[in-house]
Amino acid sequence: MIRKGLRFLDRETDGRLGGACLVGMVFYKDGRGLDHPRVQEAIEACQRNIGGGQVNPGIDIYSLGIALIFLCDVGPSSYANEIEALLEELEERQKRHGGWGY
């Protein structure tokens with residue numbers, strides 16, 4: 001089942017940042033490494049959406065969280081600037097009561 005799922009994810013794409021990061025994380029966790037095309041696509045999607053330390057304001061809260069987890073997993077040192085930008089955006093969007101919303 002796992003191999004069948006990986007084959008499916010290897011040929012399907014998701015236009016959302018969180019979807020791309022989730023697919024990239026699947027292949028990274030499967031031991032495919034940073035050079036796998038889906039992992040690279042996810043890293044590139046993060047970098048496209050975090051330009052000059054500013055996070056694209058159109059990114060949904062789910063995608064922010066998944067991108068943050070993904071980058072922390074694949075390269076906390078390499079992607080420290082992107083991680084910091086995502087954290088700042090997440091904090092900015094946090095509601096006064098401590099939660100987040102859609």
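A residue is called buried when its relative accessible area is under 20%, exposed when that area is over 50%, and partly exposed in between. By this criterion, buried residues make up 38% of the 102 residues in the protein chain. The model is a predicted one.

**Overall fold**

The secondary structure consists of five helices and two strands, and from the N terminus on the elements follow the order α-α-α-β-β-α-α. A compact globule with 102 residues would have a radius of gyration near 13 Å, and the protein chain, at 14 Å, agrees with that expectation. Along the principal axes, the C-alpha trace spans about 45 × 25 × 20 Å. Of the contacts with a sequence separation of 6 or more, 59% are between residues 24 or more positions apart. The accessible surface of the chain comes to about 6,400 Å², and carbon and sulfur atoms account for 51% of that area.

**Charges and salt bridges**

The chain carries 12 positive and 15 negative side chains, and the centres of these two sets lie 9 Å apart. Side chains of opposite charge can pair when their charged atoms come close. Taking a salt bridge as a side-chain nitrogen of Lys or Arg within 4 Å of a carboxyl oxygen of Asp or Glu, a search of the whole structure finds six of them.

| Pair | N to O distance |
|---|---|
| D30 and R3 | 3.1 Å |
| R16 and D14 | 2.7 Å |
| D73 and K29 | 3.0 Å |

The salt bridge between D30 and R3 has its closest N and O atoms 3.1 Å apart. This pair links distant parts of the chain, since D30 sits in the loop between α2 (17-29) and α3 (37-49) while R3 belongs to helix α1 (residues 2-11), 27 residues apart. D30 is partly exposed, with a relative accessible area of 28%, and R3 is also partly exposed, with a relative accessibility of 48%.

In the salt bridge between R16 and D14, the closest N and O atoms are 2.7 Å apart. R16 has a relative accessible area of 48% and is therefore partly exposed, and D14, with 29%, is partly exposed as well.

The side chains of D73 and K29 meet in a salt bridge with an N to O distance of 3.0 Å. D73 lies in helix α4 (residues 61-74) and K29 in helix α2, so this pair ties together parts that are 44 residues apart in sequence. D73 is partly exposed, with a relative accessible area of 26%, whereas K29 is exposed at 57%. Elsewhere, salt bridges that share partners join R3, D30 and R32 into one network.

**Individual charged residues**

R32, a member of that network, lies in the loop between α2 and α3 and counts as partly exposed because its relative accessibility is 35%. Leaving aside residues up to four places away in sequence, R32 touches R3, L6 and F27.

With residues up to four places away in sequence not counted, R38 touches L9, D10, R11, E12, T13, V23, G24 and F27.

R48 is likewise found in helix α3, but R48 is exposed, with a relative accessible area of 62%. R48 and L17 are 31 residues apart in sequence, and their C-alpha atoms are 9.6 Å apart in space.

Definitions and conventions. Residues numbered from 1 in each chain as written. Predicted model: local features only at pLDDT ≥ 70, side-chain atom pairs only at ≥ 80, totals over all residues. Heavy atoms only, no water. Helix = DSSP H or I, 4+ residues; strand = E, 2+ residues; numbered from the N terminus. Buried < 20%, exposed > 50% of the residue type's maximum accessible area, 1.4 Å probe, protein only. Rg over C-alpha atoms; globule rule 2.2 N^0.38 Å. Contact = heavy atoms within 4.5 Å. Areas by Shrake-Rupley, 256 points an atom, 1.4 Å probe, with all protein chains shown as cover. Lys, Arg positive; Asp, Glu negative; His and termini not counted. Charge placed at Lys NZ, Arg CZ, Asp CG, Glu CD.
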